[in-house]
Amino acid sequence: MDGHTFGDAMAGLRDAVDSHLALLLPDPGQAPHRLHAAMNYALLAPGKRLRPILALLTAESLGARRDVALGPACAIELVHAASLVLDDLPCMDDAQMRRGQPATHLRYGEEVAILAAVALLNQAFGIISRTPGLPADRALEMVRELSAAIGLDGLVAGQEKDLRRDENLSLGRLQQINEQKTGVLFAAAVHIGGAAAGANLHQREALHRFALEFGLAFQALDDLEDLENEDFGRPTVASLLGREAAGGEAFARLQAAKDALRAGDPAVASLEPKIDLLLGLG
Ligand code: GRG
């Protein structure tokens with residue numbers, strides 16, 4: 001398949017995710033209006049949808065049906081959107097803009113933004129539990145993955161460490177924070193995609209090795225982009241290593257991620273050519 005066709009396939013997946021996301025929020029009649037509006041505002045703002053697309057690519061490479069994988073894939077985006085709303089609050093990163101629009105708390109107030117984030121988080125688990133055609137053991141595995149990604153080894157822990165604002169962070173410590181703040185949710189996306197397909201142990205191990213490297217590659221690429229935008233705040237992989245070495249790090253991690261897929265069985269290996277396209281590198 002050539003790059004053009006693959007590009008179209010990625011856009012098709014993003015459209016499928018966007019359409020499904022719009023269906024997943026509560027009926028306006030069931031949620032207080034401001035809360036519903038804030039959830040919509042945060043979730044449906046134009047994000048890249050990388051996490052749900054990665055989950056879908058994984059699921060479909062391993063033979064899952066799209067209708068079974070789509071809800072759980074979108075649930076990951078709800079968690080991501082909730083984390084962005086919380087991250088932007090004045091007591092956290094105090095950000096003004098997100099996804100090209102004023103941060104949710106600036107538009108709806110801090111109290112509604114916090115409640116919208118909690119509601120999105122809660123809704124994510126509800127979606128998985130209600131996915132038609134998804135066997136209960138696979139749903140349970142997904143819930144376990146998502147819960148672990150948010151919790152004390154994941155987003156919440158990474159954010160707390162990040163908020164300490166340590167200006168003398170070592171590269172190792174920074175990578176640990178990045179892994180918890182970012183890598184674990186990508187890993188959850190891969191594992192949830194695998195669970196949708198009922199991946200076997202061998203496939204799960206290959207996906208796990210891939211996910212670890214992919215998370216680090218994504219972070220290095222993201223930091224390089226921030227460097228381009230002169231978005232200096234606290235130390236990043238790019239500011240600690242320098243542009244060239246950070247580029248080398250991103251490339252090496254990406255190669256290691258793809259190697260992990262190539263070392264898997266044919267279904268797992270079939271995910272490998274899609275990774276560059278997901279990252280906009282194809
Ligand atoms: C309870 C869910 C929850 C979280 C609490 C606030 C918090 C703890 C964690 C924040 C973690 C955070 C904001 C990590 C940054 C992740 C990141 C790289 C965001 C940018 O991702 P992109 O580039 O953005 O995929 P879009 O907008 O395209 O989705």
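Biologist: Which residues lie nearest the centre of the largest pocket?

Modeller: Some ground rules before that. This is a predicted model, in which local features need pLDDT of at least 70 and side-chain atom pairs count only at pLDDT 80 or more, while totals for chains, interfaces and linings use all residues. Residues are numbered from 1 along each chain as its sequence is written, and side-chain values use heavy atoms, with hydrogens and water left out.

Modeller: Now the idea of a pocket. On a 1 Å grid over the protein atoms alone, a pocket is an open set of points with protein on both sides within 12 Å along at least five of seven lines, a cavity is a set where a 1.4 Å probe fits but cannot get out, and lining residues have an atom within 4 Å of a point. Here, L84, D87, R98, K181 and D222 lie nearest the centre of the largest pocket, out of 49 lining residues.

Biologist: What is the volume of the largest pocket, and which element gives the most to its lining?

Modeller: A volume is the space filled by probe spheres set on the grid points, which are joined across faces, edges and corners. For the largest pocket that is about 1400 Å³. Elements are DSSP runs numbered from the N terminus: helices (H or I, at least four residues) and strands (E, at least two). α4 gives the most, with nine residues; α3, α8 (155–162), α9 (171–196) and α10 (201–228) also give two or more residues each.

Biologist: How does that lining divide by class?

Modeller: Ala, Val, Leu, Ile, Met, Phe, Trp, Tyr, Cys and Pro count as nonpolar, Asp, Glu, Lys and Arg as charged, and the others, Gly among them, as polar. This lining has 21 nonpolar, ten polar and 18 charged residues.

Biologist: And what lines the second largest pocket?

Modeller: That one has a volume of about 220 Å³. Its lining includes K48, F218, D222 and L281, and α10 gives the most to it, with four residues.

Biologist: How many cavities are there?

Modeller: Three of 30 Å³ or more. The largest cavity holds about 80 Å³ of space, and A42, V85, D88, R98 and T104 are the closest to its centre among 13 lining residues. α4 provides the largest share of that lining, four residues.

Biologist: Now α4 itself. At what angle does α4 pack against α3?

Modeller: Two packed helices are described by the angle between their axes and the distance between the axes. Axes are lines fitted to C-alpha atoms, for helices over the stretch in contact, and angles run from 0 to 180 degrees between N-to-C directions. For α3 (residues 50–61) and α4 (residues 66–88), the angle is about 155° and the axes are 8 Å apart. The two are therefore roughly antiparallel, a label for angles over 145 degrees.

Biologist: Which residues of α4 meet α6?

Modeller: Contact means heavy atoms within 4.5 Å. On the α4 side, G71, P72, A75, L78, V79, A81, A82, V85 and L86 do so, with A113, L120 and I128 among their partners in α6. By class, this contact has 15 nonpolar, two polar and no charged residues.

Biologist: How do the axes of α4 and α6 cross?

Modeller: They come within 8 Å and cross at roughly 165°, α6 being residues 110–129. That makes α4 roughly antiparallel to α6.

Definitions and conventions: Parallel < 35°, antiparallel > 145°, perpendicular 65-115°, else oblique.
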